[in-house]
Amino acid sequence: ILESGLVLEDGAERIVMQPGEKKYLKIRDSIWNMPVYKNLEFSSKYPSVATVDARGFVRAMLPGRTVISVWNDVGDNGTIEVFVEGNRKFSSVGWCILGALGGVIFVFYIKNKFRCF
């Protein structure tokens, strides 16, 4: 009896990425050794570390470890560990939020220092 399944990244147990990096997962059928592109569903155990979209693109977010899983329409599955290394990168959205918070704090500080009668 042959066990069917999906092989990710040519059988690698893990991949190492840097925050902000994006990688396409190569998926093959374990019996026929043919690439599989359709009828796949992906998930990430910890999306804050790395996310995966419906096409198999993994995007590293924050340093840490997660597991990416994939299933096909007949129930075959496969997994791979993703290690995200390096320093956290602050996105432009993060800088905007930080700037807005700083502005609000500054306004309240100034308001309390100078009172108008």
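This is a predicted model: local features need pLDDT of at least 70, side-chain atom pairs count only at pLDDT 80 or more; totals for chains, interfaces and linings use all residues.
Residues are numbered from 1 along each chain as its sequence is written, and side-chain values rest on heavy atoms, with hydrogens and water left out.

From the N terminus on, the order of elements is β-β-β-β-β-β-β-β-β-α. Of the 117 residues in the protein, 26% are buried; here buried denotes under 20% relative accessible area, exposed over 50%, and partly exposed the range in between, with a 1.4 Å probe and protein chains only. The protein exposes about 8600 Å², of which carbon and sulfur atoms supply 58%. Among contacts between residues at least 6 apart in sequence, 50% join residues at least 24 apart, a contact being defined by heavy atoms within 4.5 Å.

Three strands form an open sheet in the order β3-β7-β6, with antiparallel pairing. Two strands are taken to pair if DSSP finds at least two bridges between them. The edge strands, each of which pairs on one side only, are β3 (22-24) and β6 (50-52). Neighbouring strands of this sheet are turned against each other by 20 degrees on average, direction ignored. Strand β3 is joined to β7 (residues 57-60) by three bridges, and the two strands run antiparallel. Within this pairing, Y24 has F57 in β7 as its bridge partner.

A further set of pairings involves strand β9 (residues 77-84). Strand β2 (residues 14-17) pairs with β9 in the parallel sense over four bridges, and V84 in β9 is the bridge partner of M17. Strand β8 (residues 64-72), in turn, pairs with β9 in the antiparallel sense over eight bridges; here I80 in β9 is the bridge partner of I68. In a regular strand the side chains alternate between the two faces of the sheet. In β9, the covered face consists of G78, I80, V82 and V84, whereas N77, T79, E81 and F83 make up the uncovered face.

Strands β8 and β9 form a hairpin with four residues between them, and G75 in the turn has a positive phi of about 95 degrees. G75 lies in the loop between β8 and β9 and is partly exposed, at 49% relative accessibility. Although G75 and L6 are 69 residues apart in sequence, their C-alpha atoms are 9.8 Å apart in space.

Side chains of opposite charge can pair when their charged atoms come close. The structure holds five salt bridges, each defined as a side-chain nitrogen of Lys or Arg within 4 Å of a carboxyl oxygen of Asp or Glu. One of these joins K26 and D10, with the closest N and O atoms 3.4 Å apart. This pair links distant parts of the chain, 16 residues apart: K26 is in the loop between β3 and β4 (27-29), and D10 in the loop between β1 (6-8) and β2. K26 is partly exposed, with a relative accessible area of 41%, whereas D10 counts as exposed at 55%.

Another salt bridge connects R55 and D53, the closest N and O atoms again being 3.4 Å apart. R55 is exposed, at 57% relative accessibility, and D53 is partly exposed, at 25%. In the pair formed by E81 and R65, the closest N and O atoms are 2.7 Å apart. Finally, salt bridges that share partners join D10, K26 and R28 into one network.

Conventions
Axes are lines fitted to C-alpha atoms, for helices over the stretch in contact, and angles run from 0 to 180 degrees between N-to-C directions. Accessible areas come from the Shrake-Rupley method with a 1.4 Å probe; for residues, only the protein chains shown count as cover.
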